Amino acid sequence: MSTATATPPNSHRPVRNETAVQAGAEHRKPLRPARVVLHVFLIVCAVLWLIPLLWALYTSLRPYAETATKGYVSLPTTLTLQNYITAWTQGQMPRFFLNSLIIAVPAVVIVLLLSSAAAFVLSRFSFALNIGLLMLFTAANLLPQQVIITPLYRLFLTLGIYNTQAGIVLINVAFQMGFCVFVLSNFMRALPHELTEAALVDGASVWRQYTSVILPLTRPALAALATLEFAWIYNDFFWALVLLRDGSLMPVTTALNNLKGNFFTDNNLIAAGAILVALPTVLIYVLLQKHFVSGLTLGANK
């Protein structure tokens, strides 16, 4: 009489686990010296990039009397938020933040609307001046602002938009459209033409193709451009300094001059004001980070 030996139901699991470990070890990429050097280089660049920001934050938390006595390169005795309170009240930050939003938000909306429409025409239709117009939009990015400031100043006086926030919005739209048209046209050109052809067969007009087919597909690119454009227009200092005369219309970047004294400058107060000014752009990036990264990485993998 023969007896059968029962096999435990879990007897094969260790073998399966060992096989999985071996397979993972085989697929794991070896640590190459070039990869280590690359990561060290990126970490060093990130640290060097953050040092000025961290130094400004550290300076803004120290009283002016302490840094005047011990110097800025010293250990703190007191850390306080008083510089932020003073910058917020003395610099009249709420009013100037509102001025920046009045300039930046309409400018970003108009830029994205006009540039997406122009990019749609340049990327989805073939005509004689197609390439020439795209080159014209691209060449506009190479024009320095300082070169045309004198004729632009006279033009603003003639049109009656000098010392107006609407004029600042228009000049930002004009200078930012070239970059946005270039980016969006390349993005839209990569979309399959079968999408618009199918919409055309269904009877969709050109406007319907633009709003219902192409524009929703460009949402990641639009989000990435919205983040960049808001940061650029919000941080602009040159146009407001030249084309605005009334101090009550100034954006918050130009209004930082209000924190300077007549006989000395409190660098701790200026650092606190600069941190406050930078917060909205950081907030916009955090809110749109997912779309921003996806917009930048589109086309990276085929």
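The chain has a mean pLDDT of 83, with 85% of its residues at 70 or more; pLDDT is the predictor's confidence in each residue, from 0 to 100. This is a predicted model, so to speak: local features need pLDDT of at least 70 and side-chain atom pairs count only at pLDDT 80 or more, while totals for chains, interfaces and linings use all residues. Residues are numbered from 1 along each chain as its sequence is written, and side-chain values use heavy atoms, with hydrogens and water left out. Helices here are DSSP runs (H or I, at least four residues), numbered from the N terminus. Where pLDDT is low, the predicted coordinates should not be read in detail.

Now to the packing of α5. Helix α5 (residues 93-124) sits against helix α8 (residues 165-189) at an angle of about 35°, the axes being 6 Å apart. Axes are lines fitted to C-alpha atoms over the stretch in contact, and angles run from 0 to 180 degrees between N-to-C directions. The crossing of α5 with α8 is right-handed (the near helix is turned clockwise from the far one by less than a right angle). In this contact, 19 residues are nonpolar, eight polar and two charged. Nonpolar covers Ala, Val, Leu, Ile, Met, Phe, Trp, Tyr, Cys and Pro, charged covers Asp, Glu, Lys and Arg, and the others, Gly among them, are polar.

One cavity of 30 Å³ or more is counted, and the largest cavity holds about 60 Å³ of space. Its lining is made of S100, I103, A104, I168, I233, Y234, D236, A240 and P251. Two or more residues come from each of α5 and α11, with α5 giving the most, three. A cavity is a set of points on a 1 Å grid over the protein atoms alone where a 1.4 Å probe fits but cannot get out; a pocket is an open set with protein on both sides within 12 Å along at least five of seven lines, and lining residues have an atom within 4 Å of a point.

The largest pocket has about 550 Å³ of space. Of its 20 lining residues, W49, L53, A278, T281 and V282 are the closest to the centre. α13 provides the largest share of this lining, eight residues. By class, the pocket lining has 17 nonpolar, three polar and no charged residues.

Conventions. Points joined across faces, edges and corners; volume = space filled by probe spheres on them.
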